[in-house]
Each structure stands twice: as C-alpha cells, then as structure tokens.
Amino acid sequence: MEKRLPDSGYEQTFLYKLLMLPQYRICRHMLLILCVMIISAEQIVSMYNDGFEELGVFVYLVSFGCLITYLLAGYINFFILFPRYLLRKKFGKYITALLILTFFIILIQYVQEYYFHHTFNLIPKEVSYLYEGSVSYLFLQQMLLIPLSLIGFSMAKMLKYWILEDQQVKELEKNRLRTEVEKLKEQINPGFLFNVLNKTGNLALEEPGKASEIIILLSRILRYQLYDGENQRVLLSSEIQFLVNYLKLEQLYSGKISYKILQEGDLLYTFIPPLILFPFVQHTVKKIRNTNQEEMIRIFLIRKENELIFRINSFDKNDPADQVFSDQNHRLEILFGKGYTCRFIKNNEPGNGWIELKMSL
C-alpha cells in the first residue's frame, strides 16, 4: 500500500498535450514562429512605415531579414544556450552568452538599418538606431528587452522541463513511500517462524494432527501476507481472519494465550490497508510470552460512520506508542496523514491498559 499522492492533472490539460506529446511538435514550432512574425512585423512597421513606398518590394526583404534574425537567435537560445547552461544551473554563463547573443542581434539590426536607410534615403525615426541622440538609449533598451524576449521564446521548453522534473520528483516520492510501506508490512518475526517450524518438526511424530494444523495455519498466514498484503485495501473480514489464524497458531505454539474478538457496527463491507492491525496484536502476544501465565487477548472493532476504532488490551506499564510503534506510526502517517490517532489508555489495574487506533475510512 502506498500513500496516494495528489494527481497533478497535467495529463488532462491541453497545455500538457501541446508541450509534451510528440504529435504536437510541429504545432509548437509553428506557434512560436507565428509569435516571432508578429513581433518582427510590429518592429518593421514602427521603423519603416513612412518608407514603404520607397522600399517597394524590398520591404519583404527587410521583414524576412528581421524574422530570420529573431528566429536564429531564438533557436540558438532554445537548442544550445538553454540546455547547455540554464538546465545545468550555470546561470552566470547563461546570462553572459545571452547578452553576447543579444549584442550580435543589435549589430545585425544596425547594419540592416544602415544599409536600407542610406540606399533608399529614408529618414530615421525615433525607434531607429540611426536617429540622432537615441543610439545609446535604444541600445540599452534592446539589451534588456531582447534577452527577455529570448527567454520567453524558450518558455515552452522551460515549462516542459519543469513538468517532467515535477513528475520525476513525484514518481521518486511514490517509489520511496512504496518501499517504506513494503518494509513495514514485513512484520512477522522470522525467529518466530523458525521456532514454529522447529516445533512442528518435533510434533510430526508425536502429535501429527497438531503438527498438520500448525502447518495449515502457517500457510494461510504466509499466503495472506504474500498475496493480499500486496493490495491497496482488503476487506476487514479478511484482516480479522488473518489475526485469528495468527492467534490460533500462537495458541498452539505457546499454549499461553486465549483470545476474544468483539465487533460492533457495520463491518461487512469495510476496507482497510492490509496488515495494519497485526503489529499491535503481535506486540501484545510478545508481552504475554514474557509472562509465566495464560492471558486473555481482547480485541474490539467498532465502526462509527466513516471511522474504524480498534482496541486491544496491552500489558505495558508505560505508553508504548513512541518506543514500540514508531515504525507503525510512520506507516499510518503515510497512509492516513492526519486521519488517524494512536494512543495508550491506562487502566486502574497495575501494568495493564488498552492500545486504541482510530482510522478514517
């Protein structure tokens, strides 16, 4: 059982499909080219709108040159600077390379303007590098705006990278939680299994019926742990039967325990994570093993609306929650977040009490 992480919802959005799916690759590039065409067209109109008649058909050459300049710079940033520097977190080198690229764009624009203005005797406008007194101001303005435009040009790639990184982080977190929970499920003490098998071998000749019953119970326990334990949720009735099999096996093995399981409320179609109750039962059994007398294990299961309450008598003098159940509390936190409580209720009787677990269903 793993804690279900919130669904990002990326897969259901058009933006995700546009950025991530291979069949939309051409659409992505066409959209970028369209945006660059709009930007370059706006710049050409601002610079040459009074000289379209003088330029004639050369206005298309001017527009094409401006478009190619921006596209070339954009794809250099897109395919070279961005993956080589920015994705590798070499921010200083990325900014330096971006400023150098911007400088060459301005240089190409200046040469283009100079050629067409002098060839066709055009009057420079305020947005032109050739306009008197505006060179330094326009240069500084373009050194700021062009890098921002190039970064915006690469925004699609940034979003794609961030989405992939976010998905990888979530997947790693899921794998980590899955590993932690699987480890916490492996609760049956191997030493106990070894002792049971050893005793079964000794009983095989003296009491074959009892030995056969132990083997059957052990096979049921292991089958539940190996197969049902892999599921996200199991019926509470299956979990109870697993506990009964374990208690019967312990009863045959040690002869020290008896048990009683009381149920209250509608438990028929209740589902819980597998092996979530077993560590508490196993803890109580271990406490009884350390005594020299037979003890009764009493288990209460109560269903109240969307809450399941589990109680088992404990033979601890002090609250065992922090000491004995630290791993189990960690699993409960992974599975339920804040939707559970686990506490020790002390009785008036010396050295006795209850362990109570409440879970939101």
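Helix H2 has 24 residues and, at 1.5 Å a residue, should span 34 Å; the end C-alpha atoms of H2 are 34 Å apart, which agrees. The expected span is 1.5 Å times one less than the number of residues, and helices are DSSP runs (H or I, at least four residues) numbered from the N terminus. The model is predicted, with local features requiring pLDDT of at least 70 and side-chain atom pairs pLDDT 80 or more, while totals for chains, interfaces and linings use all residues. Residues are numbered from 1 along each chain, and side-chain values use heavy atoms, without hydrogens or water.

Alanine 41 lies in H2 (residues 25–48). Alanine 41 is partly exposed, at a relative accessible area of 39%, where buried means under 20%, exposed over 50% and partly exposed in between (1.4 Å probe, protein chains only). Among the buried residues of H2 are Arg28, Ser40 and Met47.

| Item | Value |
|---|---|
| H2 and H4 (residues 58–86), axes | come within 9 Å |
| H2 and H4, crossing angle | roughly 135° |
| Alanine 41 and cysteine 66, C-alpha to C-alpha | 8.4 Å |

In the contact (heavy atoms within 4.5 Å), residues of H2 including Leu32, Val36 and Ile44 meet residues of H4 including Cys66, Leu67 and Phe78. The contact residues comprise 14 nonpolar, 4 polar and no charged; Ala, Val, Leu, Ile, Met, Phe, Trp, Tyr, Cys and Pro count as nonpolar, Asp, Glu, Lys and Arg as charged, and the others, Gly among them, as polar.

Note on methods. Helices (H or I, at least four residues) and strands (E, at least two) are DSSP runs, numbered from the N terminus. Axes are lines fitted to C-alpha atoms, for helices over the stretch in contact, and angles run from 0 to 180 degrees between N-to-C directions.
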